[in-house]
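Please have the sequence and the structure open while reading.

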Amino acid sequence: MITGIEHLAIFSSDTAKLKDWYIKMFDFKQVYDNGKGTYFIKAQNGFMIEFIMSDKGEIPKDHTIRGLRHVAISVNPGDFESMSAKVKAANVEEITEPAVSASGVGTFFFRDPDGNVLHLLSRPTPL
């Protein structure tokens, strides 16, 4: 029986630097280091991201190309504005401006230091 999705993997040419950025930016905790550039970090809700070394290929610049294109990082609605400001202060490439809809859903799309698309998301009521 499937119990959920444990983690996703991000390939990077500098996994230590990218892992450290996610830890600093989002307060994830490192839970694994194989000593060869592979790391796992864990969010407060238990979701994990694995960082794996690679120098192959380039990230698509169009964030609407078919396939996996973003990671949604959830934040409490009361923290959306301050977290958006923290991300913006990190001089990331912004894809959209932070916005809160009439229903109270906050969204902000941007790129991490490697160019991967992230989606800062807050929902007043879970789906």
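In what follows, Ala, Val, Leu, Ile, Met, Phe, Trp, Tyr, Cys and Pro count as nonpolar, Asp, Glu, Lys and Arg as charged, and the others, Gly among them, as polar. By that scheme the lining of the second largest pocket divides into nine nonpolar, eight polar and seven charged residues. The model described here is predicted.

The largest pocket holds about 830 Å³ of space. There are 27 residues in its lining, and F28, A43, I73, S74 and V75 are the closest to the centre. Two or more lining residues come from each of helix 1 (15–26), strand 5 (71–74), helix 2 (80–89) and strand 9 (117–122). Strand 5 supplies the largest share of the lining, four residues. The lining of the largest pocket divides into 14 nonpolar, seven polar and six charged residues.

Which strand is largely enclosed by the rest of the structure? It is strand 8, residues 106–111, because five of its six residues are buried. Here a residue is called buried when its relative accessible area is under 20%.

Strand 8 pairs with strands 6, 7 and 9, as the table shows.

| Partner of strand 8 | Sense | Bridges |
|---|---|---|
| Strand 6 (residues 93–94) | antiparallel | two bridges |
| Strand 7 (residues 99–100) | antiparallel | two bridges |
| Strand 9 | antiparallel | six bridges |

Individual bridges can be followed residue by residue. E93 has R111 of strand 8 as its bridge partner. V100 is bridged to G106 of strand 8, and G106 has a further bridge partner, S122, in strand 9.

Two hairpins involve strand 8. Strand 7 and strand 8 form a hairpin with five residues between them, and in that turn G104 has a positive phi of about 95°. The hairpin of strand 8 and strand 9 also has five residues between its strands, and G115 in its turn has a positive phi of about 100°.

Strand 9 links the two parts of this report: this strand pairs with strand 8 and is among the elements that give two or more residues to the lining of the largest pocket.

Methods. Residues are numbered from 1 along each chain as its sequence is written. This is a predicted model: local features need pLDDT of at least 70, side-chain atom pairs count only at pLDDT 80 or more; totals for chains, interfaces and linings use all residues. Side-chain values use heavy atoms; hydrogens and water are left out. On a 1 Å grid over the protein atoms alone, a cavity is a set of points where a 1.4 Å probe fits but cannot get out, and a pocket is an open set with protein on both sides within 12 Å along at least five of seven lines; lining residues have an atom within 4 Å of a point. Grid points are joined across faces, edges and corners, and a volume is the space filled by probe spheres set on the points. Buried means under 20% relative accessible area, exposed over 50%, partly exposed in between (1.4 Å probe, protein chains only). Two strands pair if DSSP finds at least two bridges between them.
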